[in-house]
Amino acid sequence: TPSVITREATDITLNSATVAGIIETDGGHPILEQGICYSTSTNPTIEHLIVKSGSKLETYSCSLVDLQEGTTYYARAYATNKLGTAYGNEIQFTTKARTYENGHEYIDLGLSVKWASMNIGASSPEESGDYFAWGETTPKSFYSWSTYKYCNGTYDSLTKYNHNENMGVVDNKMELELSDDAANVNWGGAWRMPTEAEQDELRNNCTWTWTTQNGVNGYKVVGPNGNSIFLPAAGYIFEGTLYHAGSYGYYCSSSLDAPRY
């Protein structure tokens, strides 16, 4: 029978992984079938779940899909000739599990902070979710200076978060207080809006790919560790009209613009 080696699993996600095999020798007879067998029990055989390799190369890999998240699997490469089936060494791997803070999922991208898997008010990563004026914590139907919480009806009558004496009351607050942070108020726990520096880290240290996910345009953002989030192009609302949905996304930080003189 053949002699086979199993390589360690790679590209492990919530529901998939890749496992490779190496056929050291064919046992003197042509290989009839080769692949990976796997199970949640030890010593998997071809009587368990298998993925056949479409190639007859000495080194091959198979994608294992429809796996359960947060579950340990055992896998072995196998190869069959006319004298029987031989198995490689057993390897094990554990699929990734979803992680939550106060009931809301977050994704570790390999950065200094974790990022939400979807927008506030959304039930999936592709949904736009709720729209907020900066510093307000509830959505509304009409967005303008006349309805803004922290002014007296005009852009130059600010009552909070202002560093310019020509724009209203000066308090020099440069970061949102948690009581004015839509993420913290709506989701609680340790959730908060990102700072400008944290947004810069997301922009500069991840790979951004414009794509369509479940029919929605947006950016797939892949972190240094290979994990990703999807930012839908949700547009913005001015007064009562939604603009640029499907073309642009506007995501606020918790940081006020730096003073300009």
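Residues are numbered from 1 along each chain as its sequence is written. In this predicted model, local features need pLDDT of at least 70 and side-chain atom pairs count only at pLDDT 80 or more, while totals for chains, interfaces and linings use all residues; side-chain values use heavy atoms, without hydrogens and water.

**Exercise 1.** Determine the strand order of the open sheet formed by 3 strands, and identify its edge strands.

*Solution.* Strands are DSSP runs of E with at least two residues, numbered from the N terminus, and two strands pair if DSSP finds at least two bridges between them. The order is 9-10-11, with antiparallel pairing. Strand 9 (99-101) and strand 11 (115-116) each pair on one side only and are therefore the edge strands. Strand 10 (residues 104-107) is joined to strand 11 over 2 bridges, and Ile 107 stands opposite Trp 115 in strand 11.

**Exercise 2.** State which residues of helix 2 are buried and why they lie on the same side.

*Solution.* Helices are DSSP runs of H or I with at least four residues. In helix 2 (residues 196-205), Glu 198, Gln 199 and Leu 202 are buried (under 20% relative accessible area; exposed is over 50%, partly exposed in between, with a 1.4 Å probe and protein chains only). They lie on the same side because they cover an arc of only 105° around the axis, taken from the directions from the helix axis to the C-beta atoms. On the other side, Ala 197 and Asn 204 are exposed.
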